[in-house]
Amino acid sequence: MLAKLEKRHVRGKKPAKVPLELARAVRDEMLAAIGIERVIGGRRKKQRVTLPQPLAPGMPPRYALDGSTRLYNPDWNSHVDGGVNLEYIMTVQHLIQENGVVKYGLSQELANNHDLIIKAAHTYFRTLRRQYQADHDEAARAKREAKLEMDKHNARRHRKASHLRTGIKPFRRVFGHAATQGIEQLVHSPWQSSEDSSGGVANPTERDRMRRMANAGFKALELRTLRWRGRKLSTLYLTLAVFAQFQAERAGDLDEIASEDLTEAERATYLAQVHQAVQEWQSVYTSKDLHYDRFRGPAANHRDLPREDKKRRPIYKECISRRWAKESEAHSQIYDAAPHCPDNFTIFDLELPLDLLPERDREWLQGVDTADSEDNE
């Protein structure tokens, strides 16, 4: 069945994407059809379920407590389009068509879109199959755990980038749109520092000392510096974090001002308010809204090379530490291959006031400045 769907797109047409609301509806119906009720298991935690074993030949099918609703035992080691698996998928497809509008708020068109429902069901079946295999095979378990760990770190970096983007609008209004051209193209998830709960390769005593110096709890996440990132980009990220946090605490302050770019008087007033608020912050990484404390970890755990970006966005020379680029031939090749930013990127010419940063972040940045002295040339 899936092969037939894929053949419809071999002539250069991009396959239709499954809407999130449909994917969620299919997931819930697929779990219900094997006798699992979906439960939200806490803050950003995925539900851990025990999947049913395939039925032995000749065994009767299971039924729900009502005695009439069939519960399925998929054959996780067989193809999705065969035997009981096909019956399972088609039952889910029928349930979505019947109940999708009332139960899940889907549009009638979406609830009747056979191809998209089947595509979503196949995708989630593969997810469940990987879990079943991980539960019954040590190699599959290790592979799944590694993927979940990677997904967790990717999600943290994605949230950091999203948080920084909320600071872009007030940042541009304060410093002026003409002076901040290009800023939207400099905030990407792969460029964010890692936040890790493991010890890494650093000396445990040194790591614990740095955690305690930051007044961070035992469950604190370690911020792992990206060594390739230049001081200009690090300063920009810290400043955006300040504006994002201040905007969250004082939502709506700028909305009362009609002008897109603030006047000098409005700018001075707003920056004074930001500066006053920052005096009460230890760092942009310590906030009552954060579930875990953060602390900057030892150099042994710092990340040396840029991450692979699936979207292939360029890292501009202006974003890269020149001292890092001089450390090795591999670093030099990355720097030499990097393009300069477009001519209209005025953001790199903007001098950002360091007194807007919390004391601990300012001290860290001064350390970066000392170690990366060529960025002051």
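I started with helix 7 and helix 10: their axes come within 9 Å and cross at roughly 135 degrees. (Axes are lines fitted to C-alpha atoms, for helices over the stretch in contact, with angles from 0 to 180 degrees between N-to-C directions.) That makes helix 7 oblique to helix 10; the scale is under 35 degrees roughly parallel, over 145 roughly antiparallel, 65 to 115 roughly perpendicular, and the rest oblique.

Before going on, I noted that this is a predicted model, where local features need pLDDT of at least 70 and side-chain atom pairs count only at pLDDT 80 or more, while totals for chains, interfaces and linings use all residues. Residues are numbered from 1 along each chain as its sequence is written, and side-chain values use heavy atoms, with hydrogens and water left out. Helices are DSSP runs (H or I, at least four residues), numbered from the N terminus.

Back at this pair, I listed Pro-170, Val-174 and Phe-175 of helix 7 meeting Arg-267, Tyr-270 and Leu-271 of helix 10; contact means heavy atoms within 4.5 Å. I sorted those residues into five nonpolar, no polar and one charged.

Next I checked helix 9 (residues 231–249) against helix 10 (residues 264–278): the axes come within 11 Å and cross at roughly 90 degrees. Helix 9 is therefore roughly perpendicular to helix 10. From helix 9, Val-242, Phe-243, Phe-246 and Gln-247 take part, and their partners in helix 10 include Tyr-270, Leu-271 and Val-274.

Then the core. Which residues have the most contacts inside the largest nonpolar core? They are Phe-171, Leu-186 and Leu-236, in a core of 48 residues. (A nonpolar core is a set of buried Ala, Val, Leu, Ile, Met, Phe, Trp, Tyr and Cys residues joined through side-chain atoms within 4.5 Å.) Helix 9 gives the most to this core, with nine residues. I also looked up what Phe-171 touches beyond four places in sequence, and found Leu-236, Phe-243 and Ile-347 among them.

Is Lys-160 buried or exposed? Lys-160 is buried, with a relative accessible area of 12%; buried means under 20%, exposed over 50%, partly exposed in between (1.4 Å probe, protein chains only). Beyond four places in sequence, Lys-160 is in contact with Gln-192, Ser-193, Glu-195, Leu-223 and Tyr-285.

Notes
Helices (H or I, at least four residues) and strands (E, at least two) are DSSP runs, numbered from the N terminus. Ala, Val, Leu, Ile, Met, Phe, Trp, Tyr, Cys and Pro count as nonpolar, Asp, Glu, Lys and Arg as charged, and the others, Gly among them, as polar.
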